[in-house]
Amino acid sequence: MSAPRLLRAQLRSKPANGHVAFIPHIRKLVFEYCDKWPSSAHTRSFLLTRLQSLARQNPHVEVVVKQRHHKEPIVRGFYANSRDKVIPLNSLEVSAIQRKVDLLLDSSGAKIKPLKRRTVESTTEATRGIWSGLHADRPSI
Amino acid sequence: MRRIAPLRTFVARAAHTNAVVPSSTASALELIRSQPSQYVVASFAGRKYILTPRDMLTVPHLRDVKIGDVLTLDEIHELGSREYTLRGNPVIPSSRVKVEATVVEHTKGNMEYKFKKKRRKGYRKTIQHKQPYTRLRIGDIEIPIEQQS
């Protein structure tokens, strides 16, 4: 009896972050601001007052602060799926900047897709089996 | 005429197993645990879902949870496998079956546009809306073995 054929696709592992171990998706936050322009004023006050506690509460995130002269302030989030999200901060107060940063920290970096009808996404095969007309008892009247 | 006997024997084997009525809950759980895969029917945030391990469950935004939090499903109405099902009365207690879910992310769905107009009245407006969701990953279904003290 020959050994059963081993297909290459059987040796792949299916990703399920959070099943046994959870790894947060976000890996880096980059704040870019201007020293001079008034549009960066709220961003500067956020960086001076709230940034350190934010970095301490999220030790898994690398927090970077960069200068971006004569440009509007932005925050970039880099994720483990090699995508990034950019949010402009020019019209936002400090509390609103905090909400945008929380949005970046909570996100997975995946592209925004319609989630209204995707309640349960499963890769497990049907537990009770799938009915097949060719393998069922023949109906009798 | 071609013989179709092999197909018939396969059908006989794949037909329903004989009904068993286990004497105790522990033996019923043992039957279910012995099968290769199980599912649960559980209530979460007011709605019932059929869940298996490694599923991604998307529910409307939960306020008091952070990502990485682990939640235990305590309203499990049904536990089943390929051939056996155990129905709770109305719930199976969490000492018998334990299922955990990890909060993976808080996201928003895509932008929905609602256009409102009343004709000949100069009233028109567009409402843009992004529904926030919370996504959870379902962990393994644990059926602990009863310790006889």
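I began with S82(A), which counts as exposed because its relative accessible area is 69%; exposed means over 50%, buried under 20% and partly exposed in between, with a 1.4 Å probe and protein chains only. I noted that this is a predicted model, in which local features need pLDDT of at least 70, side-chain atom pairs count only at pLDDT 80 or more, and totals for chains, interfaces and linings use all residues. Residues are numbered from 1 along each chain as its sequence is written, chains are lettered from A and ligands numbered from 1 in the order in which they are written, and side-chain values use heavy atoms, with hydrogens and water left out.

I found S82(A) in the loop of chain A between β3 (74-79) and β4 (84-88), where helices (H or I, at least four residues) and strands (E, at least two) are DSSP runs numbered from the N terminus. Although S82(A) is not a glycine, its phi is positive, at about 60°.

I then turned to A45(B), another residue other than glycine with a positive phi, here near 50°. A45(B) sits in the loop between β1 (39-44) and β2 (47-51) of chain B, and its relative accessible area of 47% makes it partly exposed. I also looked up the peptide bond between N89(B) and P90(B), which is cis, with omega about -10°; P90(B) belongs to strand β6 (residues 85-92) of chain B.

**Two residues around helix α2 of chain A**

Is Q52(A) buried or exposed? I found that Q52(A), in helix α2 (residues 51-57) of chain A, is exposed, with a relative accessible area of 56%.

N58(A) is in the loop between α2 and β2 (62-67) of chain A, and it counts as buried because its relative accessibility is 15%. Along the chain N58(A) and L105(A) are 47 residues apart, while their C-alpha atoms are separated by 8.7 Å.

**Chain A as a whole**

I listed 3 helices and 5 strands in chain A, in the order β-α-α-β-β-β-α-β from the N terminus. The radius of gyration of chain A is 24 Å, whereas a compact globule of 141 residues would have one near 14 Å; the value is taken over C-alpha atoms, and the globule rule is 2.2 Å times the number of residues to the power 0.38. Along the principal axes, the C-alpha atoms fill a box of roughly 85 × 45 × 25 Å. I recorded 29% of the 141 residues of chain A as buried.

Chain B has 2 helices and 10 strands, and buried residues make up 36% of its 149 residues.

How many residues of chain B are in contact with chain A? I read 37 residues of chain B in contact with 32 residues of chain A, a contact being heavy atoms within 4.5 Å. The two chains bury about 3000 Å² between them, 54% of it on carbon and sulfur atoms; buried area is the accessible area (1.4 Å probe) that two parts lose on being put together, summed over both.
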